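Open the model in your viewer and keep the selection panel to hand. The stops below say what to pick next and what is there.

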Amino acid sequence: MSRLRDVREALSQRVYAMAPHEMLPRERDLAEELGVSRTSLRQWLRELTEAGLIYSVRGKGTFVSDRRISKGTGLTSFTEDMVERGMHPATTVLNVRQALAEGSIAEEFSLAPGSLLHCIDRLRTADGAPMCIEQVHLPAEYFPGLLREDLSGSLYDIMRRQYGVEVVFARQHVRAVAPTAAQARLLQVSRNAPLLEVCRIGFDPRHRAIERAVTTYRGDRYDFFMTIRRDA
Ligand code: GLP
């Protein structure tokens, strides 16, 4: 990665580390802090403005936008969510392995206990800032050879393109959790910062459960919305 790209990433991480509506340092100070020319800095600030991450108030300065991700009830992937918001998604694969389906996981997949599952742990970032950690289980019989694929992009893309399988509906539940030491380190939050854990069981058009994903989102980055209706 080039130095300029490093600096650009350092700038967006700097912005992510700040609170919504906090004022950025003056241009001169920021350029000095990052060791870049004011011309390059201005260009990047323009990009961050276009991406909705910062905003300027005439005569006052540049401020950090409230960048919480509003997530509705549409069934989308992490990559789709970020791209839709003009953000650059990236993924670090933390661990891949195979496991045997036991207990409630076997039941959720309607698989016989002892069936083989793929298990993938990934850290997902947007514009260089950590957003969530994901642990996904998938029945190995539906996705032979999946663990040999490059899993640093969109899993839903691989499922669709390599296996012709798509998650078309899902059951989800959301709960607040406190970070473990490892989660706090990966997500760059304190041990006191609440996280939102979303467990999704994803089904294909034939109603087969094909994915069980536990996604742990930074609580300060996500809002979840749903429409509820009184039973008739
Ligand atoms: C979201 C969902 C996961 C799903 C993931 C796929 O984060 N909560 O259940 O596995 O999207 O995202 P992508 O296709 O970007 O890998």
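Start at the ligand. Select the 14 residues around it; Ser 77, Thr 79, Ser 154, Tyr 156 and Ala 213 come nearest. A residue joins this shell if its C-beta atom, placed from the backbone, lies within 6 Å of the molecule.

Two notes on the model itself. It is predicted: local features need pLDDT of at least 70, side-chain atom pairs count only at pLDDT 80 or more, and totals for chains, interfaces and linings use all residues. Residue numbers start from 1 along each chain as its sequence is written.

Now colour the shell by class. It holds 6 nonpolar, 4 polar and 4 charged residues. Here Ala, Val, Leu, Ile, Met, Phe, Trp, Tyr, Cys and Pro are nonpolar, Asp, Glu, Lys and Arg are charged, and the others, Gly among them, are polar.

Which elements supply at least two residues each to the shell? Select helix H4 (78–84), strand S6 (129–139), helix H6 (155–163), strand S8 (195–203) and strand S9 (209–218). Helices (H or I, at least four residues) and strands (E, at least two) are DSSP runs, numbered from the N terminus.

Zoom out to the whole protein chain. It has 7 helices and 10 strands. Its C-alpha atoms fill a box of roughly 65 × 50 × 35 Å along the principal axes. Of its 232 residues, 23% count as buried. Buried means 20 or more other C-beta atoms within 10 Å of the residue's own; exposed means 12 or fewer; partly exposed is in between, with C-beta atoms placed from the backbone.

Next, show the sheet. Its 6 strands form an open, antiparallel sheet in the order S4-S5-S6-S9-S8-S7. Strands pair if DSSP finds at least two bridges between them. At the edges are S4 (89–100) and S7 (169–177), each pairing on one side only. From one strand to the next, the twist averages 15°.

S4 and S5 (residues 116–126) run antiparallel and are joined by 11 bridges. Pick Thr 91: its bridge partner in S5 is Arg 124.

Follow the chain out of S5. Asp 127 sits in the loop between S5 and S6. It has a positive phi of about 50°, although it is not a glycine. Is Asp 127 buried or exposed? Asp 127 is buried, with 24 other C-beta atoms within 10 Å.

Compare Gln 188, in the loop between helix H7 (181–187) and S8. Gln 188 is not a glycine either, and has a positive phi of about 55°. Gln 188 is partly exposed, with 14 other C-beta atoms within 10 Å.

Now select the largest nonpolar core, 21 residues. Such a core is a set of buried Ala, Val, Leu, Ile, Met, Phe, Trp, Tyr and Cys residues joined through C-beta atoms within 7 Å. Those with the most contacts inside it are Val 15, Leu 48, Ile 54, Ala 126, Met 131 and Tyr 217. Helix H1 (3–17), helix H3 (38–50), H4, S6 and S8 each supply at least two of its residues. The largest share, 4 residues, comes from S6.

Last stop: Ala 51, in the loop between H3 and strand S1 (54–57). Ala 51 counts as partly exposed, with 18 C-beta neighbours inside 10 Å. Leaving aside neighbours within four places in sequence, Ala 51 is in contact with Gly 86 and Met 87. Contact means C-beta atoms, placed from the backbone, within 7 Å.

How values were computed. Axes are lines fitted to C-alpha atoms, for helices over the stretch in contact, and angles run from 0 to 180 degrees between N-to-C directions. Two residues are in contact if their C-beta atoms, placed from the backbone, lie within 7 Å.
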